[in-house]
Amino acid sequence: MKLVLTCEHGGNVIPKAYTQQFTDKEVLKTHRGFDIGALDVFEYLKPLADASFYSTDSRLLIELNRSLFHKQLFSEFTINLSKAEKNSIIETYYLPYRTAVEHKIAELIAKKNKVLHLSIHSFTQELNGNIRNCDIGLLYDSKKKEEQEFCKHFKTEILNLNSSLSVRFNYPYLGKADGFTTFLRKQFSNNYLGIEIEVNQKYCKNNKTDIEIKEVLFKAIRNLIE
């Protein structure tokens, strides 16, 4: 099994050409601007990967984890740009990232490998007044039995390392919702497992994630792919 690691929301960078769209710069520092602490987890796990990809462009410029048809592809800050400007953003920031990941997975599968794709994310502890009771979320397509079995083993490994953690399946989002892994499952019906790892941002401080969380994930993944 080959491991492909990605982080779609690693940073909150806005290219200079579009900074005028963001009069409220503070929003870029929040969970709306990027997945706080996710890139730190990605970098910690990177030694395990056969291939890795990340982006530091803000999701408020364009949402790399959404399909081109999705209504939230562009945020309220970029939705009113001209069609030409939107197409330029797609061509410059969206397609190069997504295509690079897709091509690498295709290359690995063509060489008779099974690919495990782990997409690293984080989520805000509270949203719209609701506390999210979870430490680590594992998102997968419940119709894909192999993904389901992998996540069961993944949860077991995590809890063997730290039984105090709350690990939930398809929480705080559904693994079958529109996303990069959902798109890739359609491209690769065989030999592809697409799992999103969601880490609670309560473990993140100054964009760094708690070392214990990172170590648990590292060891659990290592045990599963060895």
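This is a predicted model: local features need pLDDT of at least 70, side-chain atom pairs count only at pLDDT 80 or more; totals for chains, interfaces and linings use all residues.
Start with the pairing of α2 and α4. Helix α2 spans residues 83-110 and helix α4 covers residues 180-187; the two pack at an angle of about 45°, and their axes sit 11 Å apart. Since angles under 35 degrees would count as roughly parallel and those from 65 to 115 as roughly perpendicular, α2 and α4 are therefore oblique to each other. Their crossing is right-handed. On the α2 side, the contact is made by Y97, R98, V101, E102 and I105, while α4 brings in F180, F183, L184 and Q187. Sorted by class, the residues of this α2–α4 contact come out as six nonpolar, one polar and two charged.

The other pair is α3 and α5. Here helix α3 (residues 145-161) packs against helix α5 (residues 211-225) at an angle of about 130°, with 9 Å between the axes. That angle makes α3 oblique to α5, given that roughly antiparallel is kept for angles over 145. The crossing of α3 and α5 is right-handed. From α3, the contact draws on F150, H153, F154, E157, I158 and L161; from α5, it draws on V216, L217, K219, A220, I221, N223 and L224. Nine nonpolar, two polar and two charged residues make up the contact of α3 with α5.

Now for the pockets. The largest pocket has a volume of about 670 Å³. Its lining runs to 28 residues, and R59, E63, R66, Q72 and Y173 are the ones nearest the centre. Strands β3 (115-123) and β8 (192-200) each put at least two residues into the lining of the largest pocket, and β3 gives the most, with three. By class, the lining of the largest pocket holds eight nonpolar, 10 polar and 10 charged residues.

The second largest pocket comes in at about 200 Å³. It is lined by 14 residues, with S67, L68, Y94, R98 and F183 closest to its centre. The elements that give two or more residues to the lining of the second largest pocket are α2 and α4, and α2 gives the most, with five. The lining of the second largest pocket divides into five nonpolar, five polar and four charged residues.

Definitions and conventions. Residues are numbered from 1 along each chain as its sequence is written. Side-chain values use heavy atoms; hydrogens and water are left out. Axes are lines fitted to C-alpha atoms, for helices over the stretch in contact, and angles run from 0 to 180 degrees between N-to-C directions. Helices (H or I, at least four residues) and strands (E, at least two) are DSSP runs, numbered from the N terminus. A crossing is left-handed if the near helix is turned anticlockwise from the far one by less than a right angle, and right-handed if clockwise. Contact means heavy atoms within 4.5 Å. Ala, Val, Leu, Ile, Met, Phe, Trp, Tyr, Cys and Pro count as nonpolar, Asp, Glu, Lys and Arg as charged, and the others, Gly among them, as polar. On a 1 Å grid over the protein atoms alone, a cavity is a set of points where a 1.4 Å probe fits but cannot get out, and a pocket is an open set with protein on both sides within 12 Å along at least five of seven lines; lining residues have an atom within 4 Å of a point. Grid points are joined across faces, edges and corners, and a volume is the space filled by probe spheres set on the points.
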